[in-house]
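Colleague: I would like a close look at one part of this model. Please keep it brisk and give the cut-offs.

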Amino acid sequence: MSAQYELIAPCFFGCESTASFELRRIGAEEIRVTDGRLTFRGGAEMIAAANLNLRTVERVMVLLASYPASTFDELFDGVYNIHWEELLPADAAIPVTGSSLDSQLTSVPACQSIIKKAIVKRMMQGYHTSVLPESGVEYRVRFMLRKNLCEIMLDTTGEGLYKRGYRRNAMEAPIRETLAATIADLGRVRRDSLVEDPFCGSGTLIIEAAQKALNIAPGLKRRFAAERYSFVPASVWAEQRQLALAQTRLDAGFEGIGYDIDPAAVALANANAKLAGVDKRCRFEVADVAQFEARPEAIVLTNPPYGERMGTIEGAARLARTLGRQMEAHPCQGLYAITADLEFESHYGKRANKRRKMYNGMIPCQLYMYYNVPNREQKPAAAAKPLPKTGFDGKRSYPTGRRPLRTDEK
Ligand SMILES: C[S@@+](CC[C@H](N)C(=O)[O-])C[C@H]1O[C@@H](n2cnc3c(N)ncnc32)[C@H](O)[C@@H]1O
């Protein structure tokens, strides 16, 4: 068995449960979930599999050390104790980046410099040399100081996992691919689903839903930092790519349709779908939301414009109202709308069955989930209740709705 590592995958707040399911699916062990991150164990195969297959996490890192550090000496010693010479070749280039929060060591540049010195000293000793040329492969070291606890990690991903390689260009205010994938999961997209998006922009929600339905691994079209690391051999990457490819289900009946009022967005979405390998299952057309007629069997995933990033607050409210009216006139399986509009429910005209806090990049949003509730579970008074307090920090749950089934409950 290859060496085993403790691995860390940060994800956006609100995406943890979906990410945890994905990890179980690829066979990760000892999964632990905390706010915005998952920790698990695995060897070189897991590093490759996680990077290639995970749709909802931001990157995958090897945790090399975790220890208390309130002084520079403690910081140095913790780094020096890591067996760098067993992980990194003598010519490795070693950039160090990181962050500090609520800790005594507040200067990030000073911490970077101490960590780098400790790595260099250890490497020189391990390789019996006084020169480290740093002319070879880049091994990106990250540190995180939180409440005087220091974590030293090695990045295996490189460019964030949200960079799938299919979105060369984006319109204004695109949704992150990782977040779109989480929404497709929460929307219970299946291999034979019909998914529609009346505000499709560059097509991210439809494309991510299609890739999920067809089980196309999101990392197949890109490269990863650890493809050049000596402890994750090329043969392991090749094998994991083959495995991921073999699991693609091009026979799935999925269909995706996106609409946008902007012809440039529609052209871009069509081009992105082609790059993503899902153009045979997806199409994008120019249309105003006022004409949107969801098909009864459709799941609608959407990211309506919101004032902060696009247009005006009033304009966004009007569009939410129009969407609400169209959805009422053309009911379907469910609507999952992510927006930063704190008053979305009142603009849309209906209370959601459930909401979930999420971040789109740095913007706090809510995912408003509307879905069919079986009669026996409906509470008669629910419709008459006033709209509850809204707002990103408003804590409440929606007991009226059936919890959306997760992919593992299929
Ligand atoms: C927040 S963006 C969607 C971004 C998209 N999720 C992506 O990843 O690129 C909202 C989109 O709504 C479109 N839009 C604005 N008004 C519209 C209308 N009346 N009908 C349909 N689409 C509209 C905009 O052109 C924009 O592309």
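Which residue forms a salt bridge with Asp251, and how far apart are the closest N and O atoms?

Modeller: Asp251 pairs with Arg191, and their closest N and O atoms are 3.4 Å apart. A salt bridge here is a side-chain nitrogen of Lys or Arg within 4 Å of a carboxyl oxygen of Asp or Glu. Side chains of opposite charge can pair when their charged atoms come close.

Some ground rules. This is a predicted model, in which local features need pLDDT of at least 70 and side-chain atom pairs count only at pLDDT 80 or more, while totals for chains, interfaces and linings use all residues. Residues are numbered from 1 along each chain as its sequence is written, and side-chain values use heavy atoms, with hydrogens and water left out.

Now the location. Helices (H or I, at least four residues) and strands (E, at least two) are DSSP runs, numbered from the N terminus.

Next, exposure. Asp251 is exposed, at 60% relative accessible area. Arg191 is partly exposed, at 25%. Buried means under 20% relative accessible area, exposed over 50%, and partly exposed in between, with a 1.4 Å probe and protein chains only.

Arg176 forms a salt bridge with Glu58, with the closest N and O atoms 2.8 Å apart. Arg176 lies in the loop between strand E7 (149–155) and helix H6 (177–186), and Glu58 in the loop between helix H2 (44–53) and strand E4 (61–68), so this pair links parts 118 residues apart in sequence. Arg176 is partly exposed at 23% relative accessibility, whereas Glu58 is buried at 11%.

Glu159 is exposed at 52% relative accessibility. Lys163 is partly exposed at 37%.

There is also a network of salt bridges, which links Glu255, Arg283, Glu285, Arg295 and Glu297. The count of salt bridges comes to 17.

Finally, the setting. The protein chain has eleven helices and 14 strands. Of its 410 residues, 54% are buried. Take contacts (heavy atoms within 4.5 Å). Among those between residues at least 6 apart in sequence, 79% join residues at least 24 apart.
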